[in-house]
Amino acid sequence: MLFTIIFIIASVFQVYEFWLLYRCFFQESQWGRGAELAAFFLFFCITTSLYLFINIPLLTALGTYGTLLAIALIVYRSGWKRGLLLSVFAFISMTLAECIVALASGYIELNAFQSKEYYSIWGIVCLPIVQYMVVLLIRNFRNLRQGKDIPVLYWAITVMLPLFSWYLSLMLYRQDMYWLNMIGCTLVLFMMNILVFYLYDSQIENLRIRYEKENLEQLNMYQTEQLRLMNEMDEELREQRHDFQKHISMLSYMNNQGERDRMSEYLDEIRESDLYQKKYDKTGNFVIDSILGYKLQEAARYAIEVNTEVQVPKELELSVYDMTTLLTNLFDNAIEACRNVDDRRIKIRIKYAKRGLLIKISNTFDQKIIRDEKGEIVTRKADREQHGYGLKSIKRIVQKYQGDFEVYEKDAMFVADATLYLG
């Protein structure tokens, strides 16, 4: 009876692990949270019943994989190819962990077609702990591929907490404990693992939300500044329209008087006036227009000559948050570098082609670059713990879109070159 109760508790924890793994692959169910929970409850009932009442490894494995495949195809609507691949990956990952635990607990003999009496309480408790570590590692690597920054502490907890739990379970089940105490310790052990990672995930999510909020506030500031620039330009056009008739009259008078030289000088003066000065580049993409408008004005305050070449569609498959973070960090770095030199020039090239977004920003600088032992460029500010996050954010976003990013020196210009694939 004790073995059966602990096995059921461990099975609940294993189902939670499969749910974590599938959420890593498929994000959310197409049918809603209720259908998702019902599907995994059915998975628990099927796999637990197969083990407790039949206990033939081949039938248990087929039932487990078949249910996982059905959840992928029906609940998450993954499609046959994706569903087959990911359900096989989930099943094999868990099975390998089970083989490790079976070897460690002394269950080496295996007959896939016959029922085998095998009762190891420590093995039953140890198995979901090892599988939990496997799931967490898979999720961490998945997050890395999506461009999410995984703190070193999180990696350490991912490995160390399951290992500590494994060791603790070994010590507990070597003691001659009352069966109720053993069940209680098992529940505490599993809940401790779940709560630690839940709380840590919540903390990381709160930090991410706060960071996104700050970036959205920055974007709102850019958009507000763009609106102000547009209002100023509209006011200037009204004034220029008011004076336009006077300029026409004067040119007509000069032409009638035959004063060609004076008329040419007057035309040159008009050409150099604010009427022909470009306030910002209008690309049609609202986010890029907002950032360009604000940053070009900032560059003008520091007497920086900016040359732009922007060819992008009105809509891009790139989140506002990522676009803002990427472009503002690139522009801020270029403007800051130009402020340290007399020759202040920035070249901006943004182009969309074949589902790839190419961003290349070149700027003059003082020819001083600091690199770390790995050859990576680091901030020149004294407090490096509080600075240098701009390049990290750029690299994270580029990695999220499976792109490339490099910085180098060319023709006395510092170049930041980023490519993102929006497919």
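This is a predicted model: local features need pLDDT of at least 70, side-chain atom pairs count only at pLDDT 80 or more; totals for chains, interfaces and linings use all residues.
The protein chain comprises 423 residues, of which 41% are buried, and its secondary structure consists of 11 helices and 5 strands. Of the contacts in the protein chain with a separation of 6 or more, 70% are made by residues 24 or more positions apart.

Side chains of opposite charge can pair when their charged atoms come close. A search of the whole structure returns 8 salt bridges, among them one between Arg23 and Glu36, in which the closest N and O atoms are 3.9 Å apart. Because Arg23 belongs to helix H1 (residues 2-26) and Glu36 to helix H2 (residues 33-54), this pair ties together parts that are 13 residues apart in sequence. Arg23 and Glu36 are both buried.

A further salt bridge joins the side chains of Glu298 and Lys295, with an N to O distance of 3.1 Å; both residues lie in helix H9 (residues 286-301), where they are 3 residues apart, about one turn of the helix. Glu298 is buried at a relative accessible area of 15%, and Lys295 is buried at 7%.

The side chains of Asp343 and Arg345 also meet in a salt bridge, at 2.9 Å from N to O. Here Asp343 is partly exposed, with 40% relative accessibility, and Arg345 is likewise partly exposed, with a relative accessible area of 28%.

Notes:
Residues are numbered from 1 along each chain as its sequence is written. Side-chain values use heavy atoms; hydrogens and water are left out. Helices (H or I, at least four residues) and strands (E, at least two) are DSSP runs, numbered from the N terminus. Buried means under 20% relative accessible area, exposed over 50%, partly exposed in between (1.4 Å probe, protein chains only). Contact means heavy atoms within 4.5 Å. A salt bridge is a side-chain nitrogen of Lys or Arg within 4 Å of a carboxyl oxygen of Asp or Glu.
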